[in-house]
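I will look things up one at a time and write down what I find.

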Amino acid sequence: MMVEPLAIAPVLLAQLQQAIPSPWTPGDRSGGSGPLTWPQSIPLYRAKDSQRILYISPVALQLAKQGSMPPLEIAQAIAQGFRDPESGCQRSIKTHRLKPGATQTKPACAGSSRKSTFTNRMEYDSRPPDLDFPIAAHHWILSVMPPGKLYLELTDPGIAIWLQRALLWDFQPDPTPDPGPFPAVESLDLFPIQYAHARCCTLLRLAHREGLITLETSAHQGIGAVTAPDPTPWLESPTHLKLHHPAERALISRAIATVDALSSPLSSTQLTSRVPVATLLSQDFLTFYAQCQIWGSVQSQDPNLAQARLGLISITQKLLKRLLEKDLSSFAPLEL
């Protein structure tokens, strides 16, 4: 799948797999009755909180059934082994009380200057660092909650990295042949999704004419990628995202959930499940469009906020186009 490099859930599954200590490593029978299957056997799901990018894994509860160690201790051991894929160094774990029985981990990777360089840079230009995906572990807040669940929340700098990567990523359909025509496409009401896509295109073209952003010009008809500002000013401080309105956070959360959903291949008989994915994305965009101003006082007094909102619109437009044209075998109108 073309969107897989930006899907967060598969990355976290792989990182959790690496963090699980022996005797629960794949193929090791000393901690249980038999080897486990990785990473498919690691449970991971998104919390129902539109304002946070929060993943929850009860993998320690699963592993506790195969050994004698309490699940809370297993979860703490996994937290200790949660590694930074950027530097490959082992994080030392500092815990402090969150609520009765809960601990939170903070990375302390000795000898790594990446984080300090990032902080110093952010103090000057409030833009995300030029880091390769996947997002490093020090951009996650890892908490251990009774009876042994792992809570992983993406920080604002981590969200900024994801947004910048998504803004640059090409969500065009991959060369994989379509499984066939979308079943009973005529009976589906795709107009709300198409309307949201057309509205995104209109806003991006207008912003290009107003000089707020620059769109890539191409020979084929369509909306080009945002080439300026580069990078988009996603952050207002080293630790806080500029987009903090509830409707903005909800659309960011939905975009990440959409990419996670697109990372799972579907058969022709399952394609209708893409309709609610696209519908929810279009609904959250229309709520954002109604509540978050771009022009007028925002454009004149805080152009960075207007540009960040336009960057989010560009990501939404690309995802809607991907869903409409590839998954729903329909078309993505530029205007209505």
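Is Phe-191 buried, partly exposed or exposed? I looked up its relative accessibility, which is 47%, so Phe-191 counts as partly exposed. I note at the start that this is a predicted model.

**Entry: the patch**

I placed Phe-191 in helix H6, which covers residues 191-210. Phe-191, Tyr-195 and Leu-336 make a nonpolar surface patch of about 320 Å².

**Entry: overall counts**

I stepped back to the whole chain. I find 10 helices and nine strands in the protein. Of the 336 residues, 46% are buried. The accessible surface comes to about 15,300 Å². Carbon and sulfur atoms own 53% of that surface. I also looked at the contacts with a separation of 6 or more: 70% of them come from residues 24 or more positions apart.

**Entry: salt bridges**

Side chains of opposite charge can pair when their charged atoms come close. How many salt bridges does the structure hold? I get 10. I went through three of them.

I began with Glu-153 and Arg-52, whose side chains meet in a salt bridge at 2.9 Å, N to O. Glu-153 sits in strand E5 (residues 149-154), while Arg-52 sits in the loop between strand E1 (45-46) and strand E2 (54-57), so the pair ties together parts that are 101 residues apart in sequence. I put Arg-52 down as partly exposed, because its relative accessibility is 32%.

Next I took Arg-205 and Glu-335. They form a salt bridge, with the closest N and O atoms 4.0 Å apart. This pair links distant parts of the chain: Arg-205 is in helix H6 and Glu-335 is in the segment after helix H10 (303-327), 130 residues apart. I checked the cover on both ends. Arg-205 has a relative accessible area of 25%, so I log it as partly exposed. Glu-335 has 59%, so I log it as exposed.

Then I turned to Asp-284 and Arg-254. Their side chains meet in a salt bridge at 2.7 Å, N to O. Asp-284 belongs to helix H8 (residues 274-291) and Arg-254 to helix H7 (residues 246-262), so the bridge ties together parts that are 30 residues apart in sequence. Is Asp-284 buried or exposed? I call Asp-284 buried, because its relative accessibility is 17% and the cut-off for buried is under 20%. Arg-254 is partly exposed, with a relative accessible area of 26%.

I also looked for shared partners.

**Entry: H7 against H10**

How do the axes of H7 and H10 cross, and at what angle? I find that they come within 11 Å and cross at roughly 30 degrees. The crossing of H7 past H10 is left-handed. I listed the residues that make the contact. On the H7 side they include Leu-251, Ile-252, Ala-255 and Val-259. On the H10 side they include Leu-305, Leu-312, Ile-315 and Leu-319.

Leu-312 lies in helix H10. Its relative accessibility is 0%, so Leu-312 counts as buried. I left aside its neighbours within four places in sequence and asked what Leu-312 is in contact with. The partners are Leu-163, Trp-234, Leu-243, Glu-248, Leu-251, Ile-252 and Phe-288.

**Entry: backbone checks**

Which peptide bonds did I note as cis? One runs from Pro-146 to Pro-147, with omega near 5 degrees. Pro-147 is in the loop between strand E4 (140-145) and E5. Another runs from Ala-228 to Pro-229, with omega near 0 degrees. I find Pro-229 in the loop between strand E7 (226-228) and strand E8 (235-237).

I ended with phi. Ser-329 has a phi near 50 degrees, a positive value in a residue other than glycine. I located Ser-329 in the segment after H10. With a relative accessible area of 32%, Ser-329 is partly exposed.

Conventions: Residues numbered from 1 in each chain as written. Predicted model: local features only at pLDDT ≥ 70, side-chain atom pairs only at ≥ 80, totals over all residues. Heavy atoms only, no water. Helix = DSSP H or I, 4+ residues; strand = E, 2+ residues; numbered from the N terminus. Buried < 20%, exposed > 50% of the residue type's maximum accessible area, 1.4 Å probe, protein only. Contact = heavy atoms within 4.5 Å. Areas by Shrake-Rupley, 256 points an atom, 1.4 Å probe, with all protein chains shown as cover. Patch = residues over 30% accessible without salt bridge, like charges linked within 9 Å, V, L, I, M, F, W, Y side chains within 5 Å. Axes fitted to C-alpha atoms, helices over the stretch in contact; angles between N-to-C directions. Left-handed = near helix turned anticlockwise from the far one by under 90°.
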